[in-house]
Every structure is written in structure tokens, then in C-alpha cells.
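Trainee: I am new to this structure. Can we go through it in short questions and answers?

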Amino acid sequence: MAPARRSVESARKPSPGEERNPLPPRPLPSGRRRGTFLPQLCFPGGAAGERTRVAGAEAAAMERREQPVVPVEALAAVTRERFLRDVYPRRMPVVLKGMELGTCTTKWTVDYLSQAEGSKEVKIHVSAVPQMDFLSKNFVYRTLPFDVFVRRAAEVKHKEYFLSEDEKYYLRSVGEDARKDIADIRKQFPILAEDVHIPEYFEKEQFFSSVFRISSAGLQLWTHYDVMDNFLIQVTGKKRVALYSPRDAPYLYLSGTKSEVLDVDNPDLEKYPLFVKAKRYQCFLEAGDVLFIPALWFHNVISEEFGVALNVFWKHLPAESYDKSDTYGNKDPTAASRAIQILDRALKTLEELPEEYRDFYARRMVLRIQEKAYRNDCG
């Protein structure tokens, strides 16, 4: 018999008043399974009074085995100066409304998109199910003329299809050679690029990539993090975005940069019991909205409608910090990669000891990591 599944708190669109609530940091998690260490990374946000106010609600949600949900703050008419002064240093996701994005928000209809870029071939993801899983690869790659792809992605039922009549389509643009070149809408889709005004809230030399995306209605992308800051510009359609703080990584069952928990709304809590401890930040994007996603923040995206979006990534760290072979913006910084390799070698060395000693010295290693590497600004 399959394990019972429990539902996390159902998603709802927050009221404007809720969107402006401060975003409090989480307290140090309590309770751990034997042999499992749950590190607590500290990221800024929220005052002590606000932490006290929400503590009761969070405790009640945990008792009900529901995941706490916090609306992502929304701000209107944010200038570059205000963003860099008041928003960017907080390292929290924020929805920016009323941004000047050019004519794309009104021009990019299905007909216009099909005609503008014509029959150039694009490589796409095709899935028979709405929830795409990069770890199990429950999708296939196919190639279609761009105009054919756009019309299929906008359909609910297909007369022509690869897997099934209700299959889902997803385009994530890549460079000419995906192994060497970054995605840049100005190069891959130059006609459409003329319609877009990208908010330049970063220095030109920090720019990394601009990723053009088209999704079928109902498509859900796997939870993952990127190592660079980015703007998710929702040009047409609607999306729901669930985000998780980097400090909640211990609860997300990671495999590389991705979470094994595919269904964040109805997770299998028998298989992933700690997932309920992760605090979910959530927003609903409409055409013209821009979501700032800081580096290392996990995000899970559902396209509630057929939609077109543009991701703009830029380098938050000095350029030399990043892996030069990274064309997607998701390879760990070189120093982090080296540290993980060293840790793997240390753990391999511990295997030479009996279990009792291995356990003891592993705990000593954890304590040393806490002492030397953790932030101490939890309050």
C-alpha cells in the first residue's frame, strides 16, 4: 500500500496588505532524526517583534503538519536607486510592479510571436504530465519550428503531439552551443528583443544571461536554486512562484541544485518528513510583474496560464568566483565546489574508523563548521 500523503496549506493569493508584511527569519529548527544534522543558515529580514508575532502561527502550522506560507512583499514603482539602497541588500525575494518593460507586454500574442521569429527550429521539453522532474527526467527533448511550438504550447488539447494529446511544452532558450554559449535574447531572438526593456538595476559588466521562456498552462518546474541573482520578468500570462530560503536547504532533500520534493503542494511526508519545516514564501505574478530572486533562493514555478517570461541573470559575486564553464548560472562557485570536494574526501577518510568513532568525529567536524562558517546574526 502506498504511503499516506498529507497536504500542505493550500495556496491562496495574498491581499495587498499582507504583501507588505515584513519577512521574519526562522528560529533554529528543533528535532532531528538520528544521524541527521540540520544546519541553520542566517539571512536577514524581519524584526524581533515580528518574529514573536508569527511564532505562534508557525508552531500551529507545524502541529497540523502544514507548511508555513508567507506572501512575498510587493513594491510599486521602484527606481534603480531605491532598489539598490533598500531592496537589494536585504537578500529577500520581492515582486516589483509597474516597471517599464517596453511593448512586449502588449505585443507578444500567440500570432505575433509566431510571425516575428518564424520557423526557426527550437529545442523544447515535452512532458506527458504537468510536473516536470529534472532528476527522474520524466520529459523528452524534441525540436520544432518556433511558430509551430508557440501554437502548440498555447493549446490545451493537441491534434498533433509527441506523447499525448494533453502534453505540456516548455522552452528554455540556450546559446548557439549550449555547452559554450550563454542564452541571450538579443542573439537567439533578436526581433523579440527589440520589444523588451530590461530593468538595468545592475552594472553592465555584471550581466550574465537573458533566458527566454515559454510554458504551457499548468506546467510546473522542479524546485531548484541558481547561483546568480536574477529578475523573473513575467511578460504574458500568470505564474505562481513558491520560494524557500537558503537556510531551509536541510528540509528540501537536495540532489545537487535541485530538490527531490516534486509536489510542493501535496508532498509525501512519509518519504520527506522534514519538508514541512521549510517556510514557503509565495507570490502570484501577472503580466508586467518582475520577481527579484536572490542567488541561492530555491524556487518552484507553476504556469497558471500559457505564458512568456524572460529571466535576466547577473553576477552578484566577483566574476572570478564563478565556474567559467557555467552557461546556465547553476554551477556552484569554484570555492564552494572545492570545499565540497574536500569535505567528501574527509568523509571518505572517516569510513576507516569504527562506527562509534566515526559518529563522534563527524559531530566534531559539524561543530567546527558551525563555529567557523555559519553566520551569527540570527538575533
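**Helices, salt bridges and a patch**

Mentor: Start with a pair of helices: the axes of helix 5 (residues 110-117) and helix 6 (residues 146-154) come within 8 Å and cross at roughly 165°. This is a predicted model, where local features need pLDDT of at least 70, side-chain atom pairs count only at pLDDT 80 or more, and totals for chains, interfaces and linings use all residues. Residues are numbered from 1 along each chain as its sequence is written, and side-chain values use heavy atoms, with hydrogens and water left out.

Trainee: How are helix 5 and helix 6 oriented to each other, roughly parallel or antiparallel?

Mentor: Helices here are DSSP runs (H or I, at least four residues; strands are E, at least two), numbered from the N terminus. Axes are lines fitted to C-alpha atoms, for helices over the stretch in contact, and angles run from 0 to 180 degrees between N-to-C directions. Angles under 35 degrees count as roughly parallel, over 145 as roughly antiparallel, 65 to 115 as roughly perpendicular and the rest as oblique. The crossing is at roughly 165°, so helix 5 and helix 6 are roughly antiparallel.

Trainee: Tyr 112 is in helix 5. Is Tyr 112 buried, partly exposed or exposed?

Mentor: Buried means under 20% relative accessible area, exposed over 50%, and partly exposed in between (1.4 Å probe, protein chains only). Tyr 112 has 22% relative accessibility, so Tyr 112 counts as partly exposed.

Trainee: How far apart in space are Tyr 112 and Leu 192?

Mentor: In sequence, 80 residues separate Tyr 112 and Leu 192. In space, C-alpha to C-alpha, the distance is 9.6 Å.

Trainee: How many salt bridges does the structure hold?

Mentor: A salt bridge needs a side-chain nitrogen of Lys or Arg within 4 Å of a carboxyl oxygen of Asp or Glu. The number of salt bridges in the structure is 17.

Trainee: Which residue forms a salt bridge with Glu 203?

Mentor: The closest N and O atoms of this pair are 2.9 Å apart, and the partner of Glu 203 is Arg 80. The pair links distant parts of the chain, 123 residues apart: Glu 203 is in the loop between helix 8 (190-193) and strand 7 (207-215), and Arg 80 is in helix 3 (residues 80-87). Glu 203 is partly exposed at 38%, and at 30% so is Arg 80.

Trainee: Asp 195 forms a salt bridge with Lys 107. Is Asp 195 buried or exposed?

Mentor: The closest N and O atoms of Asp 195 and Lys 107 are 3.0 Å apart. Lys 107 is partly exposed, at 32% relative accessible area. Asp 195 has a relative accessible area of 6%, so Asp 195 is buried.

Trainee: How are helix 9 and helix 10 oriented to each other?

Mentor: The axes of helix 9 (residues 334-350) and helix 10 come within 10 Å and cross at roughly 155°. That makes the two helices roughly antiparallel.

Trainee: Tyr 357 lies in helix 10 (residues 355-373). How exposed is Tyr 357?

Mentor: Tyr 357 belongs to a nonpolar surface patch with Leu 353, Phe 360 and Tyr 361, about 380 Å² of accessible area together. Tyr 357 is partly exposed, with a relative accessible area of 47%.

Definitions and conventions: Patches are made of residues with over 30% relative accessible area and no salt bridge: like charges are joined within 9 Å, nonpolar side chains (Val, Leu, Ile, Met, Phe, Trp, Tyr) within 5 Å. Accessible areas come from the Shrake-Rupley method with a 1.4 Å probe; for residues, only the protein chains shown count as cover.
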